[in-house]
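My notes follow the structure.

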Amino acid sequence: MGDPAGVGAEVTVKALAALPVPERARYAVIGDPGVLERAIAATGVVLPLALPGAQAAAGAAAVIPVEVPDLPAGFGVMSPACGEAAYRYIEKAVALAMAGQAAAIVTAPINKAALNAAGHHHDGHTGLLAHLTGRRGAWMLLASPTLNVLHVSTHVSLSQAIARATTERVLETIRTGHRHFRRMGVAAPRIAVAGLNPHCGEGGLFGTEDDACIAPAVAAARAEGIDATGPVPADTVYYRAHRGAFDLVIAQYHDQGHIPIKLIAFDSAVNVSLGLPVDRCSVDHGTAFDIAGTGTADHVNMLAALDYAGRLAATRQAAAA
């Protein structure tokens with residue numbers, strides 16, 4: 001459900017209400033029933049909730065309650081209690097997925113300040129999920145119908161992002177993207193690796209990282225049979241990918257990847273965590289405290305996340321079979 005004070009509950013109930021009843025039955029919402037009821041009232045949707053042990057109406061959305069004390073009575077506030085609630089909802093989802101009781105996780109937005117105020121010091125969903133699953137790290141993929149971007153680094157300073165663009169990290173990012181797109185049915189993924197510096201350093205005039213770190217990673221990937229190209233100047237690579245030249249772009253840092261995809265696919269892009277033992281995707285927007293509780297939050301992005309999660313679940317089930 002995400003942060004109880006954000007738009008997560010609203011986009012969740014709107015999306016579930018928009019689904020056909022048989023498809024709605026595939027999902028269960030982890031969160032607070034009272035907050036969900038307030039979101040239903042705010043949005044005006046018709047969506048009965050099914051709580052454990054209670055008689056459920058036809059077409060009801062299943063809810064797995066996780067109780068957290070001292071939640072605010074309304075929306076639109078930053079609260080440590082909400083940060084704690086968001087943490088516990090995700091913790092419960094990971095436990096279900098790790099136990100094989102859930103095929104995939106879809107997350108509504110959380111507030112990083114609230115999460116840290118509650119004592120959970122993570123940079124967001126990706127770092128938190130890596131912590132809960134016992135992994136050293138994970139990767140953030142932003143997926144959309146016409147542009148897909150996988151990041152070498154995300155929520156770090158620009159100076160740290162430059163330091164993280166090592167040959168080893170770039171190569172492992174390429175491998176991770178290759179494996180994911182093979183899993184999603186792309187037989188030979190075409191991967192472009194964005195340069196770090198303007199014009200990929202222009203032969204060392206504007207920096208040496210592209211020649212010293214990124215180019216060797218691309219060469220190593222190609223030696224493994226991966227269709228990797230690069231480094232490609234970042235000011236042209238996204239245009240080329242958007243026009244169909246590549247299936248995936250490897251971005252070197254957060255804004256290099258986020259800006260182009262949010263420009264062309266703000267409502268349809270899905271945030272997918274790669275490199276974890278569980279499958280998780282999310283809406284690609286924040287808690288929007290300024291409009292939370294008004295019923296106006298758009299649920300199109302949540303529908304896209306639910307659809308992508310279904311595709312992930314299908315590939316997991318096929319692999320198990």
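I began with the lining of the largest pocket. I asked which helices and strands each supply at least two of its residues. They are α1 (8-18), β1 (28-31), β3 (61-65), α4 (80-98), β4 (105-107) and α12 (300-320). The model is predicted, so I read all of this as a prediction.

In total, 35 residues line the largest pocket. Tyr27, Ala28, Ala104, Ile105 and Val106 lie nearest its centre. I then sorted the lining by class: 26 residues are nonpolar, seven are polar and two are charged. For the space in the largest pocket I noted about 720 Å³.

Then I turned to strand β6, residues 148-151. Are its faces buried or exposed? Both faces are covered. Asn148 and Leu150 are buried on one side, and Val149 and His151 are buried on the other.

I looked up the partners of β6 next. Strand β5 (residues 139-143) pairs with β6 in the antiparallel sense, over three bridges. I found Leu141 opposite Leu150 of β6. The link from β5 to β6 is a hairpin of four residues.

Which way do β6 and β9 run? They run parallel, and three bridges join β6 to β9 (residues 248-251). Here I traced His151 to its bridge partner in β9, Ala251.

My last note ties two entries together. Leu150 is buried on one side of β6 and stands opposite Leu141.

Definitions and conventions
Residues are numbered from 1 along each chain as its sequence is written. This is a predicted model: local features need pLDDT of at least 70, side-chain atom pairs count only at pLDDT 80 or more; totals for chains, interfaces and linings use all residues. Side-chain values use heavy atoms; hydrogens and water are left out. Buried means under 20% relative accessible area, exposed over 50%, partly exposed in between (1.4 Å probe, protein chains only). Two strands pair if DSSP finds at least two bridges between them. On a 1 Å grid over the protein atoms alone, a cavity is a set of points where a 1.4 Å probe fits but cannot get out, and a pocket is an open set with protein on both sides within 12 Å along at least five of seven lines; lining residues have an atom within 4 Å of a point. Grid points are joined across faces, edges and corners, and a volume is the space filled by probe spheres set on the points. Ala, Val, Leu, Ile, Met, Phe, Trp, Tyr, Cys and Pro count as nonpolar, Asp, Glu, Lys and Arg as charged, and the others, Gly among them, as polar.
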